Amino acid sequence: MFNYLLNAWQVLYETTGSGLSYHKCSAILTGLKKQEDTVWMNEVDSIALQTSVRNLADGFDRFFKKQNGKPRFKSKKNPVQSYTTKFVNNNIRLEDHRLKLPKLGWVSISQSRKLEGRIINATISRTSSGKYFVAILCETDIEELPKTGSSVGVDVGIKDFAVLSDEEAFPNMKYYEKSQEKLKKEQQILSRRQRLALSKGIELSEAKNYQKQRIKVARIHETIENQRSDFLHKLSTKIVKNHDIIGMESLDIAQMLQNKELSKQIGDVSWAKFKEQIRYKADWYGKTLVEVEKSFPSSQLCHVCGHKNTQVKDLSVRQWTCPDCHTSHDRDVNASINIKKEALRIVASETAGTAGIA
């Protein structure tokens, strides 16, 4: 449905200079259902079809606002597939490890968490490893966590994933690096099977040995992602629960990935995802995330006397002593303390500004 309407949209735009609207696409969908050669459309969840129309319209809206690229045709050969259906007249229900879905009926599931709140929609997806998942969106009230009166600065890095201003450090687990040899071996086998299938003129989607090996590689990637995600969620939740004000540096990840020597390690640690988790959890639970400008010299300043040591720009310098107050510093602990101080200064400045306006 998405591809059909995308083609119709493109043809009309090339002919008249204007595209279709969401309402026109919905009318086309309704008309197609009434045709004899498209009776099969009635076998599909109608809300899922309507959602694909909405996704196409939203895609063009974002494209014209220059928020993303032009919508592209979808392929059934893509190993990742999904569709979304909305909750209407109790058509989605969860009972005794079974889930009821429109047109599919009751499906046995392994439930990861208790369902809370009013169901909005459900997204059914198949991953590249061949596993099926359903994500259920619910509307619920989230209670704020009790205040702790504590604040913390978080310095992220590669040697240690995160160092807090209270000197607690969390090691870089290097999930990708630990699986790299195994992944390399399986990817080499995958490449050989790809070349063999193509030499015989077999479509990769029909090459059974290739598909078996593709799933092996996908499952390794999936394991790495699950390990990393579990680590990030547990750490971000711990920090948000224990602190009211959380200071973090505003990092330009895209720019940092240009460093060829460190790009692989930077991609593996997922700082951006970690910060995003802290951001939305802080919003949920009534805590405050303060972003310190990336230009702030957190590693170079002595947190005791404020002396600036420009030699600390070199990442190989892990320990240094302040020439003014002679305090010995661990690079990351010192940086996290300075981030905490700057975060508290920003909060105090914003509070004073608000009070002045009032």
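What is the volume of the largest pocket? I looked this up and found about 1400 Å³.

**Ground rules.** I note that this is a predicted model, in which local features need pLDDT of at least 70 and side-chain atom pairs count only at pLDDT 80 or more, while totals for chains, interfaces and linings use all residues. Residues are numbered from 1 along each chain as its sequence is written, and side-chain values use heavy atoms, with hydrogens and water left out.

**Entry on the largest pocket.** A pocket here is an open set of points on a 1 Å grid over the protein atoms alone, where a 1.4 Å probe fits, with protein on both sides within 12 Å along at least five of seven lines, and lining residues have an atom within 4 Å of a point. The volume is the space filled by probe spheres set on the points, which are joined across faces, edges and corners. I found 36 lining residues, of which Ser112, Arg113, Lys114, Ala135 and Ile136 lie nearest the centre. Strand S6 (132-139) is among the elements that supply at least two residues, and S6 gives the largest share, seven residues. Helices and strands are DSSP runs numbered from the N terminus (helices H or I, at least four residues; strands E, at least two).

**Entry on the salt bridges.** I counted a salt bridge where a side-chain nitrogen of Lys or Arg is within 4 Å of a carboxyl oxygen of Asp or Glu, and the search of the whole structure finds 17. Glutamate 139 pairs with arginine 118, with the closest N and O atoms 2.8 Å apart. That pair links distant parts of the chain, since glutamate 139 is in strand S6 and arginine 118 in strand S5, 21 residues apart. For exposure I used relative accessible area (buried under 20%, exposed over 50%, partly exposed in between, with a 1.4 Å probe and protein chains only). Glutamate 139 is partly exposed at 47%, and arginine 118 is partly exposed at 48%.

**Entry on helix H5.** Arginine 228 and glutamate 225 meet in a salt bridge at 3.2 Å, N to O, and both lie in helix H5, three residues apart, about one turn of the helix. Is arginine 228 buried or exposed? At 10% relative accessibility, arginine 228 counts as buried, whereas glutamate 225, at 31%, counts as partly exposed. I also noted that Glu225, Arg228, Asp268 and Lys273 are linked in a network of salt bridges.
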